[in-house]
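Me: I am new to this structure and would like to know what stands behind the terms used for it. Please set each value against its definition.

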Amino acid sequence: MKNILPSPLQYKNNTLYFAGIRLDTIARNKRTPFYLYSKKTLRHYYEYFSKSAAKNGIVSPLVCYALKANSNKDVLSTLKTMGSGADVVSVGELKKALKAGIDPQKIVFSGVAKTEDEIRFALKCGKKGIYSFNVESIEELDMINSIAKKLKTRARVAFRLNPRVNAKTHKHISTGNKTHKFGLLKEDILEAMDVAALWTNTNLVGLSIHIGSQLTELNATIKAIEELSKLALKLETPLEFLDVGGGLGIDYTAEERSKLASIDTYMKAVSDAFEKYYYSKTDHCPRIVFEPGRIIVGKMGVLVSRVVRTKISDSNHFTIIDAGMNDLIRPALYEAYHEVLPAQTSKQMIKTDIVGPICETSDCFGTGRKLPKLNAGDLVVIDNVGAYGQTMASTYNERQIATEYFI
Ligand SMILES: Cc1ncc(COP(=O)(O)O)c(C=O)c1O
Ligand SMILES: N[C@@H](CCCC[NH3+])C(=O)O
């Protein structure tokens with residue numbers, strides 16, 4: 001099986017196809033913009049990720065897919081059927097995971113702001129509650145302990161360690177540095193271990209990290225695993241799992257394609273790091289949990305849009321499309337690059353700025369892009385939007401949320 005599957009998008013005779021079907025055929029009678037996902041690509045990435053973990057000697061891997069990347073119900077039921085667990089950050093995500101049939105004992109709950117209601121729901125779901133609350137503050141642990149006490153139960157908890165590393169990614173999505181709101185510092189975790197009142201109705205079952213998203217190189221990940229392992233060795237409690245979070249990036253550009261750590265490289269690096277910093281130093285053998293989001297769903301999806309009109313202003317050419325930053329906010333929020341492809345290619349190309357209908361200058365999907373001269377009604381697709389596309393959509397400017405279709 002190849003590490004990177006060919007994109008579901010392919011040109012044949014200058015015409016764009018998605019999953020083997022002409023795009024214009026797919027788009028007929030559909031309101032644009034819409035999200036379009038390939039089930040084959042989704043299955044490929046999940047399968048490749050989990051097989052690579054096993055192949056690289058990861059101990060009893062548990063893949064908890066991060067719902068925030070894409071929580072479409074068909075995506076979730078496909079992943080559930082393939083054996084996936086879930087990483088959730090709200091009761092809304094938790095309910096969606098449960099509705100898809102994901103076993104609560106494969107669900108970890110991350111996030112700095114878990115509320116009383118959310119904790120109560122997570123403790124009561126299924127027969128034994130969720131697999132783990134990945135705890136991000138002592139205050140949260142205290143709240144979980146007292147709610148579990150009231151419910152006369154015990155909560156399974158893991159500390160999310162802030163490993164003080166600087167993941168090389170966009171500053172808005174780096175999460176493992178000491179200035180970030182995420183996780184707990186090592187010294188605070190060690191102090192909490194000695195506070196008996198925090199542990200009357202909680203069991204420490206694991207430790208977790210998540211240092212950021214769209215990671216293309218692995219130095220910070222390895223450093224964070226070293227920190228996680230050192231802390232795990234210091235704790236006297238035998239742990240059931242060590243959770244490395246998510247974060248593995250995908251190639252949005254040709255340049256990234258050549259530099260990106262592959263799934264296999266990532267798994268080998270994780271496996272080697274745990275061997276070196278943890279397993280070689282102890283008899284305990286906790287399982288490894290992963291929380292991948294983008295790497296599982298990023299490549300399966302495109303946003304299909306139609307040209308509303310073109311416009312020339314001074315020396316600027318604009319191609320105005322009916323998708324906006326409310327449908328896909330990544331370019332506006334992170335200056336993220338997404339390829340924009342026409343449904344029909346042509347030899348005559350122009351340079352154009354691809355912009356949406358929203359009343360903000362940041363509502364722009366690319367400047368100076370080479371595209372054929374397009375006309376009103378022509379179709380374009382924005383590529384690689386399976387992750388953090390629809391889940392970050394809003395109704396800004398009173399627009400409708402784009403429909404999702406699965407092929
Ligand atoms: C706690 C946690 N786990 C997992 C993920 C998934 O990250 P990614 O989509 O980069 O794999 C995120 C998002 O960054 C997260 O915050
Ligand atoms: N929303 C981000 C990723 C953040 C992941 C959540 N911690 C993106 O679109 O790239």
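Me: Why is Ile147 called buried?

Reply: A residue is buried if 20 or more other C-beta atoms, placed from the backbone, lie within 10 Å of its own, exposed if 12 or fewer, and partly exposed in between. Ile147 has 20 C-beta neighbours inside 10 Å, so Ile147 counts as buried. This is a predicted model, in which local features need pLDDT of at least 70 and side-chain atom pairs count only at pLDDT 80 or more, while totals for chains, interfaces and linings use all residues. Residues are numbered from 1 along each chain as its sequence is written, and chains are lettered from A and ligands numbered from 1 in the order in which they are written.

Me: Where does Ile147 lie, and what does Ile147 touch?

Reply: Ile147 lies in helix H6, residues 138–150; helices (H or I, at least four residues) and strands (E, at least two) are DSSP runs, numbered from the N terminus. Leaving out residues up to four places away in sequence, Ile147 touches Glu116, Ile119, Arg120 and Leu123, contact being C-beta atoms, placed from the backbone, within 7 Å. Arg120 is 27 residues from Ile147 along the chain, with 6.6 Å between their C-alpha atoms.

Me: What makes strand S5 mostly covered?

Reply: Five of the five residues in S5 (residues 62–66) are buried. Leu62, Cys64 and Ala66 point one way, and Val63 and Tyr65 the other way. In a regular strand the side chains alternate between the two faces of the sheet.

Me: How do you know that S5 pairs with S12 and is joined to S6?

Reply: Two strands pair if DSSP finds at least two bridges between them. S5 and S12 (residues 287–290) have two bridges in the parallel sense, and Leu62 has Val289 as its bridge partner in S12. S5 and S6 (residues 85–88) run parallel and are joined by three bridges. Ala66 has Asp87 as its bridge partner in S6, and Cys64 stands opposite Gly85.

Me: Which strands form the closed barrel?

Reply: The eight strands run S5-S6-S7-S8-S9-S10-S11-S12, with parallel pairing.

Methods: Contact = placed C-beta atoms within 7 Å.
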